[in-house]
Amino acid sequence: VEPSQAVVARIDSAMGLAIESQQQVAIDPVNSSGEYERQLVQLGLRTFAAVPIVVDGSPVGTLNLSWTRESAVDDDVREALDTLAAHLAVAIKNTRLFSELESALAQLQVTQERLVQAGKLEALGELAAGVAHDFNNVLGAILGRAQLLKSCLRDDSLCKNVEVIERAALDGAATVRRIQEFSRHRSDTEYQGVDIADVVREAVEYTQPRWLDRASRDGIHIDVQVECGETPRTWGNPQQLREVLTNLINNACDAMPGGGRLWITSGRCGGGAYVEVSDTGVGMSAEVRSRIFDPFFTTKGSRGSGLGLSVSYGIIQQHNGTIVVTSEEGVGTVFRLELPAVEERQAEPAPPDRAAPASRSAGARILVIDDEQAIREVLADILATAEHGVVVAEDGPVGLERFRSGQFDAVFTDLGMPGMSGFDVAREIKKLDPGMPIGLLTGWGASVDENEMHDAGIDLLVPKPFKFDEVLALVDSALALRRK
Ligand code: ADP
Ligand code: MG
């Protein structure tokens, strides 16, 4: 009865008239020249009635009845037919409403799924912001100590171990930042030409505690094979790519609780490079496979975060690459990454000019204000290696007191401190000495308002956790400011 299915009525036929007038039309088909009516006559029918079915003011079709008698439609029949057509109209309307309702529901479900996904991301962002501050401080202490230790070590193999700690702390800090970026869709990462085979080797080395040390402690054997063929250089962030591979290797190890074979290959494909991480582990069902890139999706209970693959997915997308999985339950899993090769026009920036610490300025007097003991001590120790004199203070008021009673060349202050913020401290110091360079210690979690920074007279940003060389370089810039 839907319009598309209705008999197309000629305008001069009884049906056409009924539709046009929105009135019931009853005729003797003998008196009509229409094709349909002619067929009725052949069947011996002598009364034909077309009753319009009107839904929301528009006719959607006609109810057609025929009789073998002549003039079969009297007032009673006419009324009954109008009533029947009205009922049909209501039924048709309800059917339409129902299908509209169904498609609205389907749309609602899609929207709801999107909202849930967005909600997950928002929760993730809040969670990350909440832990970022503490996490950065913990990592800052580890990193600072590792770097200090490295500067006093002469033994190469010890140095190598400390470097692993250092890199782990830096990667950890970058992870916090990336989780936040991932939920904010913001990216300010630095890209460079990357030899993915190097990244693979680093990730393998980096995960050794997992596939070798822990495996042998658990009495199992994971056979690791790395085959890096000729692999074109790709454009990306080595730290992020290392994290992706680390995630894939850790997942593969998790999938082989009884041991097995883990092999990683890389090489050339199409216009870029590929890396495959394969395991002979438990594999995944189709259901699991469809959800592995969702944030928080894990089959590992409280042992899993469900973030490894969602973060990896985000990273690979930002790199304009692809990540695909093939897996069979009880057989194993293969993750394949493909990354575009470096393009000619992406000229690689010259490596940063790392002046040897010895050539740096030494002997400056620096005030460090931070409410976290571990942080101010690490910073003080880093500065001390360049023979700067350091005075520390645990909050704003104490810092100002020390500033008034001493002679300083630069001040480093934390931003978030109870009572007096880093901005307040900076304003007070600039009142006392407008030319004093001030560095603001910021967690990666905090985004600093540039205007506010400018108003408070902050000259430099010092991101936590500190990188040894960067801190010393920043001190040099602060001293250069001082001399201007
Ligand atoms: P997590 O490792 O914290 O669970 P991930 O995002 O890294 O979070 O992985 C999500 C889920 O994907 C895992 O819980 C697991 O079910 C599945 N998975 C990932 N890698 C593999 C693999 N190599 N073999 C089998 N299952 C895997
Ligand atoms: Mg994981």
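**View 1. V73, a buried loop residue.** V73 has a relative accessible area of 18% and so counts as buried (that label means under 20% relative accessible area, with exposed meaning over 50% and partly exposed in between, using a 1.4 Å probe and protein chains only). V73 sits in the loop between β3 (58–67) and α3 (75–152); helices (H or I, at least four residues) and strands (E, at least two) are DSSP runs, numbered from the N terminus. V73 and I27 are 46 residues apart in sequence, yet their C-alphas are 9.1 Å apart in space. A word on what you're looking at: this is a predicted model, where local features need pLDDT of at least 70, side-chain atom pairs count only at pLDDT 80 or more, and totals for chains, interfaces and linings use all residues. Residues are numbered from 1 along each chain as its sequence is written, chains are lettered from A and ligands numbered from 1 in the order in which they are written, and side-chain values use heavy atoms, with hydrogens and water left out.

**View 2. G219, out in the open.** Here's a glycine in the loop between α6 (208–217) and β5. At 64% relative accessibility, G219 is exposed. Go 39 residues along the sequence and you get to G258, with 8.8 Å between the two C-alphas.

**View 3. Ligand 1 and its surroundings.** How many residues surround ligand 1? There are 20, and the closest are T298, T299, K300, S305 and L309 (to be near a molecule, a residue needs a heavy atom within 4 Å of it). Look at the oxygen atoms of ligand 1: a polar side-chain atom of T298 is 2.5 Å from one, and N251 also brings a polar side-chain atom, to 2.8 Å from an oxygen. L309 uses its backbone instead, with a polar atom there 2.8 Å from a ligand oxygen. On its own, ligand 1 has 540 Å² of accessible area, and the protein covers 94% of that (areas come from the Shrake-Rupley method with a 1.4 Å probe; for residues, only the protein chains shown count as cover).

View 4. Side chains alternate along strand β9 (residues 322–328). β9 runs antiparallel to β10 (residues 332–340), and 7 bridges join them (strands pair if DSSP finds at least two bridges between them). Opposite V324 you'll find R336 in β10. The hairpin has 3 residues between its strands, and G330 in the turn has a positive phi of about 80 degrees.

**View 5. Salt bridges.** The count for the model comes to 22 salt bridges, each being a side-chain nitrogen of Lys or Arg within 4 Å of a carboxyl oxygen of Asp or Glu. In one of them, D28 and R46 meet with N and O 2.8 Å apart. D28 lies in the loop between β1 (25–27) and α2 (35–42), and R46 in the loop between α2 and β2 (47–55), so this pair ties together parts 18 residues apart in sequence. D28 is buried at 16% relative accessible area, while R46 is partly exposed at 27%. Another bridge joins R268 and E230, with their closest N and O atoms 3.0 Å apart. R268 is in strand β7 (residues 260–269) and E230 in the loop between β5 (222–228) and β6 (234–236), so the link spans 38 residues of sequence. R268 is exposed at 51%, and E230 is exposed at 55%. R336 pairs with E338, closest N to O 2.8 Å; R336 is partly exposed at 21% and E338 is partly exposed at 31%. Salt bridges with shared partners also join D28, R46 and E70 into one network.

**View 6. R242, a buried arginine.** R242 belongs to helix α7 (residues 238–254). Is R242 buried or exposed? Buried, with a relative accessible area of 6%. Its side chain makes a polar contact with the side chain of D171 at 3.1 Å (N or O atoms within 3.5 Å; within protein, one must be able to donate a hydrogen and the other to accept it, and residues adjacent in sequence count only if both atoms are side-chain atoms).
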